[in-house]
There are 2 protein chains.
Amino acid sequence: MKQETQASTHPLARFAARLQWSDMPDAVQRRAEDLWVDWFGSVLAGCQARPVASITRFALAQGPGQGPSEVIGHGASTSPMMAALANAAASHVAEQDDVHNGSVFHPAAVVFPPALAVAQSIGASGAELMAACVAGYEVGIRVGEFLGRSHYKVFHTTATAGTLAAAAAVGRLLKLTPAQMQHAFGSAGTQSAGLWEFLRTAADSKQLHTAHAAAAGLMAAYLAQDGFTGAQHIFTGPQGMAAGMSSDADPARLTDGLGTRWATAETSFKWHASCRHTHPAADALLQVMRTHGVGTGDIAQVTCHVHQGALDVLGPVVSPSTVHQSKFSMGTVLALAARHGHAGLGEFDRDYLAPETVELREKVRMELDAEVDTAYPRRWIGKVTVQTTDGRQLQGRIDEPKGDPGNTLSREEITAKALRLAAYGGAVPAARAEAAVQQLWQVAQWSRTAALLA
Amino acid sequence: MKQETQASTHPLARFAARLQWSDMPDAVQRRAEDLWVDWFGSVLAGCQARPVASITRFALAQGPGQGPSEVIGHGASTSPMMAALANAAASHVAEQDDVHNGSVFHPAAVVFPPALAVAQSIGASGAELMAACVAGYEVGIRVGEFLGRSHYKVFHTTATAGTLAAAAAVGRLLKLTPAQMQHAFGSAGTQSAGLWEFLRTAADSKQLHTAHAAAAGLMAAYLAQDGFTGAQHIFTGPQGMAAGMSSDADPARLTDGLGTRWATAETSFKWHASCRHTHPAADALLQVMRTHGVGTGDIAQVTCHVHQGALDVLGPVVSPSTVHQSKFSMGTVLALAARHGHAGLGEFDRDYLAPETVELREKVRMELDAEVDTAYPRRWIGKVTVQTTDGRQLQGRIDEPKGDPGNTLSREEITAKALRLAAYGGAVPAARAEAAVQQLWQVAQWSRTAALLA
């Protein structure tokens, strides 16, 4: 076997190391700003949740009691790694953060927290911060696509590909050379981890996954800046990520359209506060109810025609025992959407175990659908068949669930969603959240990244 | 699928949560002390190596500048997590730390650093510290055996099973209940990572692997103490560790002989300063040279009859470009052993690229051997065939390489090895290392774990 100690750098490492804010089309810059503001709402919604509070206490106990990086919503500061750990844990718990369909990957949760923590530490400009975040999105999404569907069956892609996304974002802020970026990828990939098993017993691991990805990716980038080396072929080498964690990896996805195809702009906003796999069916059900004037009492049965990934992730959740687990229960999500027109955070908290919800939940089943499965993950089609109590059989279909790039949120909707999430979290007064969101929209003009909630 | 939110605790979690120093046979206690002193030498040998220095700088930058836990050999202290990160990185770089044959797992590097850091932080007694370390050994070794040979082909078991070992050791010190220990296992397993790919390009990841395992396992245990939950079936669940990272996992290994079979006492000391896969052949070659009066100049060719794991790990290393990589070159190790009678740290540093070494290295080949492969990993048999320049064909065979339980080191040899390693590292004066080692032998009598190098 040929020894390779001086392998040429991977195009993805070169891309991430060289990306400039000014290189991006205006639409990509604007979408990146949208995603940034949308993320802030998720952090504020989640920062006081029990599992997040545990991780935050740990981070503050193990890190310095003061530092350059903000622990959002806790009025605390610490080192970049520890702030990234806490903020990344907070980002994903409300299940309202963004998602990229093709990679089934939630970039915001693992990109913005480490990038923000490092930008605050080194005083990066807003444009530098945002360029780094787009680098994180572009890398993480492509790594997720590369790892493929077989990977996602067992591994939580947001955790695994997320480690690479975090390394890319932090690496860009630290101005790594392409060769250093490649080493950072090697160190990130060899720490890449996160198994779906937790969901079966409603455990807290999802918050640990984003925290771990953010912290491990950040460490990989700092180490690379200090000369620490990583595997040169971490993606496709015979003992690399694909060899260990995928059976259908596609190396072409790693470099697909670099610099011309902007994966960042393909990222969807979440409208319902649940696992994205439930959204297409929820929207299709709402369409049936609207179109045919069906009320919740008229529903005898709902069959959701879904892709295999939905069965893999949602299938084990039959009788949810926590609010968080109920966001992975197709029946619960559809029941809440049907009852309230929207399955939001408040609806879950109040009603996930209400008798009316449970009754409706039990009428929902899932079934593999060839068309939906073939289109997935590039397109997330929603298809339902509703049996009514008076014997009708009604079909609903949605080609782009609300929040997808072709059915996106306006800036007003994004601001409103972020403030709704902030109010839900209750960590900061409304006026303070509102002032922060107004500032966040100006990120590209910042000469220096300061605290978001000064 | 049946929902399981209140699964009974796994026997391995119960065992780790309840293990007492006084439960162990005398021979196990003494062997644990042997391993503890042996580990200390490895830390002092490695603490100033370049990759370790990078990780230590990162740990001290991201953690508090002072704390309860010692960063060995750096005259520094910080939080438990950051000290564990630095000390675990230092433990494995000299390739002189211990190894358990059946699991192909290096327990010391991932068990002692997190346990020591936490014991110093909470003021645990020496017996509590050592009981926790034995819990870490017993758990990590069984997890490594469980994950099996298919796992080891791609994953570095010391990194992956090591995360569980660290969680068990720290969890025991924190007095986790069996249920909490099970949650800690879930949180550790879902962070479990480490790919062999780095070795192909002589990258620094091995030090990151032990650091990551120690820190991630420690975090899992602290989180469990705070009520943070993990997957209940992290080992064998449909989306757990075996599902993601093994094709020949054997669940029976997880509980094999708990409390009667002491895996800790099966752990081997390393005599040569190289990958353990090279030791059986090196000892067999030395036997041929001794028995038949063969000198290095008489050797025309050496064929090592090895197990598949040796080919997987050592096969890619054909022309080593760094001292560390040369420790995975069968040819280099045999050449140094043949030339000096022992392949120690000094021999590698001075001679790994000496013309005489390279010349001899090129005469060494490996070949899969059915008997050796079948015995592996329970027994690591060394078998070589030496062709001499005068046409003889000589067979060498070693059933237990030096340092294995049946061919172990005396306490004098362990002390001497530790002091030799300390001198090699040069981080502390000889008298100080000697005083520390004398103290370390008394660990079971300590009322409170203080700094090792006060």
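Student: Which residues of chain A does UniProt list for "domain: MmgE/PrpD C-terminal"?

Tutor: The unreviewed entry gives residues 272–441 of chain A (positions use the numbering here, feature names are shortened, and annotations may be inferred rather than shown by experiment). This is a predicted model, where local features need pLDDT of at least 70, side-chain atom pairs need 80 or more, and totals for chains, interfaces and linings use all residues. Residues count from 1 along each chain as written, chains are lettered from A and ligands numbered from 1 in written order, and side-chain values use heavy atoms, without hydrogens or water.

Student: What makes up residues 272–441 of chain A?

Tutor: That span is 48% helix and 15% strand (DSSP runs numbered from the N terminus: H or I, at least four residues, for helices; E, at least two, for strands).

Student: How do you know what relates chain A to chain B?

Tutor: A 180 degree rotation with 0.0 Å of shift along its axis superposes chain A on chain B, RMSD 0.0 Å (least squares on C-alpha atoms with pLDDT of at least 70 in both). That is the relation of a two-fold axis.

Student: Why are H4(B) and H9(B) called roughly antiparallel?

Tutor: The axes of H4 (residues 80–91) and H9 (residues 205–225) of chain B come within 7 Å and cross at roughly 150 degrees (lines fitted to C-alpha atoms over the stretch in contact, with angles from 0 to 180 degrees between N-to-C directions). Angles over 145 count as roughly antiparallel, so H4(B) is roughly antiparallel to H9(B).

Technical notes: Angles under 35 degrees count as roughly parallel, over 145 as roughly antiparallel, 65 to 115 as roughly perpendicular and the rest as oblique.
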